[in-house]
Amino acid sequence: MAQASSINKSRVQHHFMNAEQQFSSSKLGMWLFLFTEIMFFGGLFVAYIIYRSWNPELFTMAATQLDTMLGAVNTVVLIGSSLTIALAIRSAQLNDTKKIFYYLLSTIALATVFLVIKYFEYTAKFDVGILPGAMYTFEGIDHPKANIFFSIYYMMTGLHGLHVLIGIGLMLWLLVRVKAGDYSSEYYTPVEMTGLYWHIVDIIWIFLFPLMYLID
Amino acid sequence: MSGHHIIPLKVLLNTTIALLALTIVTVGVFYLDIPAPFDVVVAIILASSKATIVAMFFMGLYYDDKFNTIVLIFSLIFLLVFVGITLLDTLFRDSTMAIW
C-alpha cells in the first residue's frame, strides 16, 4: 500500500496539488485539443456546405457512386470500436490490466477493419478514374464539376482515415505500456485521453456518413 | 472525484444499442426519399442526436466536470459563426459572376 501510494505520488508533477487535479487538467487540455479538431474538420464541412449550396444537383448525382452498404458497415464498425475503447477505460478504472489489453486489441482490430473497407472503396474508385481534382477522368457523371464532389470526398474521408491511422498508432503505444504494467486504477490518463480522441473520430464519421453516402 | 466516475456497464451497452438503432433509422429515412431540403435537415438532426449520445455517455460528459461541456458547446458556437458568416457571402453572390 505504501509502495502503491509512492508510485502514485511520483506520477504527480510538482505543479499539481494531487493526482485528481492533474487528471482533470489533462482532461480539460484534451477537450481544448478536441475543440481545435472540431474547427479543423469544420473548415472542410464549410467547404462541403458551400459547394453543395452552389451545386445541389451535383451532390445528388455524384453520391450514387458511393456504396451505401459499405458506408453503413463502417458506421457500425466505428460504433463497436467506441464501445470497446470505453470498456478498456472501464477496465482500467476497475484495475483489470488483462482486460485493458484485450479491449484495446479489439479496438485496433475494428479500426483496421474500417481502414480495409475504406481501402477497397478507394481502389474501386481509382480503377474507374474517380480521382481528386485534375486527375479525375471518370465519364459516368454528366456534370462539368463532378471532380469537385470527389475532391471534397477524398479530402474529408482521407483526413478522417488519417485520424483513424493515428488512433491505431496511439493504441499500439498503449498496448506496450499496458504490457509494461504502467496503468492501473490509480493512473490511466493516456487510456482516457486516447478514448476521448477515438470518440471524436467516431463522431466525425457519424456526420460524414449521411452527408456523403445518403444523398439520394 | 468527478473525473473518475466509473460508467456502469449497462449504460455503455444501452448507448451502443441506441447508436445502432439510430444508424438503422438514418439509413431507413434515406430510402423514404424525403423531398429536397428536409432530407438534409432530418439527416443532421439524427447525426446530432448520435453525436450527443456519444459525447454524453461514451465521452462521459454527463458525469464530468461541466466545464468540459462548456468547451464543447463553445466549439459548436464558433463552428456556427464560421458557417453562418461564410454563407452570408457565398449564398448572396451575383449569379452572373463566374463561381466554382
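**A lysine without a partner**

Mentor: Start with A:Lys125, which is buried yet has no salt bridge. Keep in mind throughout that this is a predicted model.

Trainee: How far away is the nearest side chain of opposite charge to A:Lys125, and which residue is it?
Mentor: That side chain belongs to A:Glu121, and it is 4.4 Å away.

Trainee: Where does A:Lys125 sit in chain A?
Mentor: In helix α5 of chain A, which covers residues 97-127.

Trainee: And which residues does A:Lys125 touch, leaving out those up to four places away in sequence?
Mentor: A:Lys125 touches A:Gln65 and A:Leu66, then A:Ile130, and also A:Phe150, A:Tyr153 and A:Tyr154.

Trainee: Stepping back, how many helices and strands are there in chain A?
Mentor: Seven helices and zero strands. Along the sequence the pattern reads α-α-α-α-α-α-α.

Trainee: What does the C-alpha trace of chain A span?
Mentor: About 75 × 30 × 25 Å along its principal axes.

Trainee: How much of chain A counts as buried?
Mentor: Of its 216 residues, 53%. As for contacts in chain A between residues at least 6 apart in sequence, 79% of them join residues at least 24 apart.

Trainee: New topic: chain B. How many residues are in contact between chain B and chain A?
Mentor: On the chain B side 51 residues are in contact, and on the chain A side 48. The area buried between the two chains is about 4500 Å², with 77% of that area coming from carbon and sulfur atoms.

Trainee: What is the count of salt bridges between chain B and chain A?
Mentor: One. The side chains of A:Lys27 and B:Asp64 form a salt bridge, at 3.1 Å from N to O.

Trainee: Which elements give two or more residues to the side of chain B that touches chain A?
Mentor: In chain B, those are α1 (9-31), α2 (36-58) and α3 (66-90). The most comes from α3(B), with 13 residues.

Trainee: How do the residues on that side of chain B divide into nonpolar, polar and charged?
Mentor: There are 34 nonpolar residues, twelve polar ones and five charged ones.

Trainee: And how many residue pairs are in polar contact across the interface of chain B and chain A?
Mentor: The rule finds five, with both residues at pLDDT 80 or more.

Key
Residues are numbered from 1 along each chain as its sequence is written. Chains are lettered from A and ligands numbered from 1 in the order in which they are written. This is a predicted model: local features need pLDDT of at least 70, side-chain atom pairs count only at pLDDT 80 or more; totals for chains, interfaces and linings use all residues. Side-chain values use heavy atoms; hydrogens and water are left out. Helices (H or I, at least four residues) and strands (E, at least two) are DSSP runs, numbered from the N terminus. Buried means under 20% relative accessible area, exposed over 50%, partly exposed in between (1.4 Å probe, protein chains only). Lys and Arg count as positive and Asp and Glu as negative; His and the chain ends are not counted. A salt bridge is a side-chain nitrogen of Lys or Arg within 4 Å of a carboxyl oxygen of Asp or Glu. Contact means heavy atoms within 4.5 Å. Buried area is the accessible area (1.4 Å probe) that two parts lose on being put together, summed over both. A polar contact is a pair of N or O atoms within 3.5 Å; within protein, one must be able to donate a hydrogen and the other to accept it, and residues adjacent in sequence count only if both atoms are side-chain atoms. Ala, Val, Leu, Ile, Met, Phe, Trp, Tyr, Cys and Pro count as nonpolar, Asp, Glu, Lys and Arg as charged, and the others, Gly among them, as polar.
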